[in-house]
Amino acid sequence: GGGTDAATSKRKSLEAARALSEAISQLNEEALETALLKASDAGIMNSTVEEAEDTLRRLVSLRELKVAASGDDDSVLQAAIFLAKQADVSEAEIAEAQDSFNQR
(Lines give C-alpha, C1' and ligand atoms only; values in the text may rest on other atoms or scores of the structure.)
Protein backbone atom coordinates (compact mmCIF):
# COMPACT_ATOMS: atom_id res chain seq x y z
CA GLY A 1 0.00 0.00 0.00
CA GLY A 2 2.94 2.44 0.18
CA GLY A 3 2.56 3.32 -3.50
CA THR A 4 -0.84 4.88 -2.92
CA ASP A 5 0.53 7.23 -0.28
CA ALA A 6 3.24 8.42 -2.64
CA ALA A 7 0.68 8.98 -5.40
CA THR A 8 -1.63 10.86 -3.04
CA SER A 9 1.26 12.99 -1.83
CA LYS A 10 2.34 13.75 -5.40
CA ARG A 11 -1.23 14.65 -6.40
CA LYS A 12 -1.54 16.94 -3.36
CA SER A 13 1.71 18.66 -4.34
CA LEU A 14 0.57 19.15 -7.93
CA GLU A 15 -2.82 20.50 -6.84
CA ALA A 16 -1.18 22.87 -4.39
CA ALA A 17 1.30 24.11 -7.01
CA ARG A 18 -1.50 24.71 -9.50
CA ALA A 19 -3.60 26.52 -6.88
CA LEU A 20 -0.62 28.75 -6.03
CA SER A 21 0.02 29.67 -9.66
CA GLU A 22 -3.64 30.47 -10.27
CA ALA A 23 -3.94 32.54 -7.09
CA ILE A 24 -0.80 34.53 -7.96
CA SER A 25 -2.10 35.30 -11.46
CA GLN A 26 -5.55 36.31 -10.14
CA LEU A 27 -4.08 38.54 -7.40
CA ASN A 28 -6.76 37.17 -5.08
CA GLU A 29 -6.10 37.38 -1.33
CA GLU A 30 -8.48 34.60 -0.36
CA ALA A 31 -7.24 32.25 -3.10
CA LEU A 32 -3.64 32.93 -2.06
CA GLU A 33 -4.37 32.13 1.59
CA THR A 34 -6.12 28.90 0.61
CA ALA A 35 -3.36 27.90 -1.82
CA LEU A 36 -0.67 28.61 0.78
CA LEU A 37 -2.49 26.38 3.27
CA LYS A 38 -2.65 23.61 0.65
CA ALA A 39 1.06 24.03 -0.07
CA SER A 40 1.88 23.91 3.63
CA ASP A 41 -0.30 20.83 4.03
CA ALA A 42 1.50 19.16 1.12
CA GLY A 43 4.88 20.13 2.58
CA ILE A 44 5.85 22.34 -0.36
CA MET A 45 8.49 25.03 0.18
CA ASN A 46 9.75 26.52 -3.07
CA SER A 47 10.01 29.74 -5.04
CA THR A 48 6.33 29.59 -6.00
CA VAL A 49 5.37 29.50 -2.31
CA GLU A 50 7.66 32.48 -1.67
CA GLU A 51 6.15 34.35 -4.61
CA ALA A 52 2.65 33.63 -3.32
CA GLU A 53 3.59 34.86 0.17
CA ASP A 54 5.12 38.04 -1.29
CA THR A 55 2.07 38.62 -3.49
CA LEU A 56 -0.28 38.12 -0.53
CA ARG A 57 1.77 40.52 1.63
CA ARG A 58 1.68 43.11 -1.18
CA LEU A 59 -2.11 42.76 -1.64
CA VAL A 60 -2.80 43.07 2.10
CA SER A 61 -0.50 46.10 2.38
CA LEU A 62 -2.13 47.74 -0.62
CA ARG A 63 -5.62 47.17 0.83
CA GLU A 64 -4.52 48.63 4.18
CA LEU A 65 -2.90 51.56 2.38
CA LYS A 66 -6.17 52.32 0.57
CA VAL A 67 -8.09 52.13 3.85
CA ALA A 68 -5.58 54.48 5.50
CA ALA A 69 -5.79 56.89 2.53
CA SER A 70 -9.57 57.04 2.88
CA GLY A 71 -9.23 57.98 6.55
CA ASP A 72 -8.12 61.27 8.03
CA ASP A 73 -5.18 60.25 10.22
CA ASP A 74 -1.82 61.11 8.68
CA SER A 75 0.12 58.90 11.12
CA VAL A 76 -1.98 55.89 10.10
CA LEU A 77 -1.30 56.71 6.44
CA GLN A 78 2.45 57.06 7.08
CA ALA A 79 2.52 53.67 8.84
CA ALA A 80 0.61 52.09 5.95
CA ILE A 81 3.04 53.64 3.46
CA PHE A 82 6.00 52.27 5.42
CA LEU A 83 4.48 48.77 5.44
CA ALA A 84 3.55 49.04 1.76
CA LYS A 85 7.16 49.87 0.87
CA GLN A 86 8.35 46.89 2.93
CA ALA A 87 5.93 44.69 0.97
CA ASP A 88 7.10 46.01 -2.43
CA VAL A 89 3.89 47.86 -3.27
CA SER A 90 4.69 49.96 -6.35
CA GLU A 91 5.67 53.62 -5.95
CA ALA A 92 2.79 54.53 -8.27
CA GLU A 93 0.23 52.85 -6.01
CA ILE A 94 1.74 54.53 -2.95
CA ALA A 95 1.69 57.93 -4.68
CA GLU A 96 -1.93 57.37 -5.70
CA ALA A 97 -2.90 56.68 -2.08
CA GLN A 98 -1.04 59.81 -0.91
CA ASP A 99 -2.79 61.91 -3.57
CA SER A 100 -6.21 60.65 -2.60
CA PHE A 101 -5.42 61.38 1.06
CA ASN A 102 -4.17 64.90 0.24
CA GLN A 103 -7.25 65.70 -1.83
CA ARG A 104 -9.54 65.34 1.19
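Contact here means heavy atoms within 4.5 Å. This is a predicted model: local features need pLDDT of at least 70, side-chain atom pairs count only at pLDDT 80 or more, and totals for chains, interfaces and linings use all residues. Residues are numbered from 1 along each chain as its sequence is written, and side-chain values use heavy atoms, without hydrogens and water.

**Serine 61**
- Serine 61 sits in helix α3, residues 47-70 (helices are DSSP runs of H or I, at least four residues, numbered from the N terminus).
- Serine 61 is buried, at 9% relative accessible area (buried means under 20%, with a 1.4 Å probe and protein chains only).
- Beyond its neighbours within four places in sequence, serine 61 touches Leu83, Ala84, Ala87 and Val89.

**Helices α3 and α5**
- The axes of α3 and α5 (residues 91-102) come within 8 Å and cross at roughly 15° (axes are lines fitted to C-alpha atoms over the stretch in contact, and angles run from 0 to 180 degrees between N-to-C directions).
- The two helices are therefore roughly parallel (angles under 35 degrees).
- From α3, the contact uses Leu62, Leu65, Ala68 and Ala69; from α5, Glu93, Ile94, Ala97, Ser100 and Phe101.

**Nonpolar cores**
- The largest nonpolar core has 15 residues (a core is a set of buried Ala, Val, Leu, Ile, Met, Phe, Trp, Tyr and Cys residues joined through side-chain atoms within 4.5 Å).
- Helices α1 (2-26), α2 (29-41) and α3 each give two or more residues to this core.
- The largest share, five residues, comes from α1.
- Apart from this core lies another, of twelve residues, including Ala69 and Phe101.

Conventions. Buried < 20%, exposed > 50% of the residue type's maximum accessible area, 1.4 Å probe, protein only. Parallel < 35°, antiparallel > 145°, perpendicular 65-115°, else oblique.
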